[in-house]
Amino acid sequence: MPRAVGITRATVLLVLLLICTAGAQAAPTIVLELGTMPGFPVTEAQRWSQLLGEICPSGVSIREARNGEQPEVATDRGASSVTYRVFGLLTPRNELLLPRGQFKPTDRRAIAAWFERLANEGPEVSTAAKRPPYGLEAGQLLEVGDDLRPLLGVSTKGRRPRAVLEEVGADLGFPLEVTAAAFKALDAADPISEELQDLARGTALAALVRPAGLGFRPLRTPDGEIEYRIEPVTKATDVWPVGWPLTDNRTQHAPQLFESLTVAIDDIPLAEALAAIQSRIKLPLLYDHSALARARIDLGAKRVSLPEKRSTYSLVLQSLLVQSRLTWEVRLDDADRPLIWITTARPSSR
């Protein structure tokens with residue numbers, strides 16, 4: 001059932017009404033309005049406005065999407081003119097959804113071609129159709145985003161993944177299906193090493209199953225309903241990420257990383273040093289256990305040192321991890337809360 005959508009990002013206000021007139025005087029007028037879905041990186045709104053402004057120079061209208069809205073083209077016919085009112089969605093993956101079109105910010109030519117064909121051929125504009133993310137309709141994505149935004153709310157550290165999933169599954173808004181192969185992998189998996197209860201459900205579930213070589217994702221069933229599925233990654237081609245990569249400045253989301261401190265570390269396990277940093281910055285540290293295992297990196301066995309100096313937590317973190325061929329980044333969970341993602345210098349594709 002549709003549910004109310006709670007937007008956690010600040011509202012992107014209407015900046016300009018875009019009226020695109022293509023070609024000659026008699027050409028249709030195109031009015032474009034975009035809705036931002038929950039999880040859309042709000043700082044990307046300016047980039048989309050500039051991009052679309054170059055295609056249709058008057059600007060773009062952007063606001064929060066309302067529950068159930070989907071990309072569409074409405075036609076207003078006057079005595080001597082035609083106006084196409086286009087509504088599109090900006091997704092958490094920073095993609096633009098238009099009727100029968102799905103684009104990244106780098107797809108400028110394809111976007112321009114979409115508008116050109118709309119002007120020339122009308123609302124039945126045809127593009128190379130792409131499936132919406134996870135095979136869901138735009139309105140279903142809104143529902144999923146709303147369902148995966150609340151805190152996991154279940155303690156995880158030291159527990160078996162399967163037991164946590166059984167407890168969490170009852171609170172999800174859609175059925176949670178686990179394949180037989182996934183159950184086998186979960187039963188063989190080590191206990192969960194991180195505390196995930198204060199992360200959004202989607203991010204926490206993705207992090208919970210990843211060390212077992214599994215992926216979590218929403219999908220649309222043959223009868224059009226939504227379900228969540230956990231299955232081996234080789235079959236889950238588009239899994240839910242462990243946090244969404246930032247597209248703007250880390251300072252905005254995690255200012256504590258740039259606080260100054262005096263540091264001196266003398267030959268201690270990397271795991272101990274990272275735990276000390278986490279206790280200071282109060283941010284979740286999540287580890288790409290699959291990548292670490294493939295690279296045979298044991299955080300408890302790796303030892304690190306730093307000479308006494310004045311630095312920031314960001315630089316200290318970088319200096320410690322590079323000693324073990326590791327790297328890190330700030331990501332956001334599904335409720336826009338920051339976390340630190342630690343992986344190998346050559347991370348996996350997920």
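The model is predicted. One part of the account concerns an open sheet of three strands in the order 8-10-9, with mixed pairing. Another concerns strand 15 (residues 326-332), which is largely enclosed by the rest of the structure because five of its seven residues are buried.

- Strand 10 (residues 226-232) pairs with strand 9 in the antiparallel sense over seven bridges.
- With strand 8, strand 10 pairs in the parallel sense over three bridges.
- Strand 10 is mostly covered, as six of its seven residues are buried.

- Leu214 stands opposite Pro232 in strand 10, and Arg220 has Ile226 of strand 10 as its bridge partner.
- Val178 has its bridge partner in strand 10 as well, namely Ile230.
- Strand 9 and strand 10 form a hairpin with five residues between them.
- In the turn of that hairpin, Gly224 has a positive phi of about 90°.

**A helix on the sheet**

- Strand 9 and strand 10 pair over seven bridges, and helix 3 (residues 138-148) packs on the sheet, touching both of these strands.
- The direction of helix 3 makes about 70° with that of strand 10.

**Strand 15 and its partners**

- Strand 15 pairs with strand 16 (residues 338-344) in the antiparallel sense over seven bridges.
- These two strands form a hairpin with five residues between them, and Asp336 in the turn has a positive phi of about 70°.
- Strand 11 (residues 244-245) is joined to strand 15 by two bridges, and the two strands run antiparallel.
- Leu332 of strand 15 stands opposite Trp244, while in strand 16 the bridge partner of Leu332 is Pro338.

**Helix 4 and helix 5**

- Two packed helices are described by the angle between their axes and the distance between the axes.
- The axes of helix 4 (residues 161-169) and helix 5 (residues 180-188) come within 7 Å and cross at roughly 125°.
- Pro161, Arg162 and Leu165 in helix 4 meet Phe183, Leu186 and Asp187 in helix 5.
- The residues of this contact divide into four nonpolar, no polar and two charged.

- Leu283 lies in the loop between helix 8 (270-281) and strand 13 (285-287).
- Leu283 counts as buried because its relative accessibility is 6%, and buried means under 20%.
- Not counting residues up to four places away in sequence, Leu283 touches Ala254, Gln256, Leu257, Gln278, Pro338 and Ile340.
- One of these contacts, Pro338, is also the bridge partner of Leu332 in the pairing of strand 15 with strand 16.
- The C-alpha atoms of Leu283 and Val330 are separated by 9.8 Å, and the two residues are 47 residues apart along the chain.

Notes. Residues numbered from 1 in each chain as written. Predicted model: local features only at pLDDT ≥ 70, side-chain atom pairs only at ≥ 80, totals over all residues. Heavy atoms only, no water. Helix = DSSP H or I, 4+ residues; strand = E, 2+ residues; numbered from the N terminus. Buried < 20%, exposed > 50% of the residue type's maximum accessible area, 1.4 Å probe, protein only. Contact = heavy atoms within 4.5 Å. Axes fitted to C-alpha atoms, helices over the stretch in contact; angles between N-to-C directions. Nonpolar A, V, L, I, M, F, W, Y, C, P; charged D, E, K, R; others polar. Pairing = 2+ DSSP bridges.
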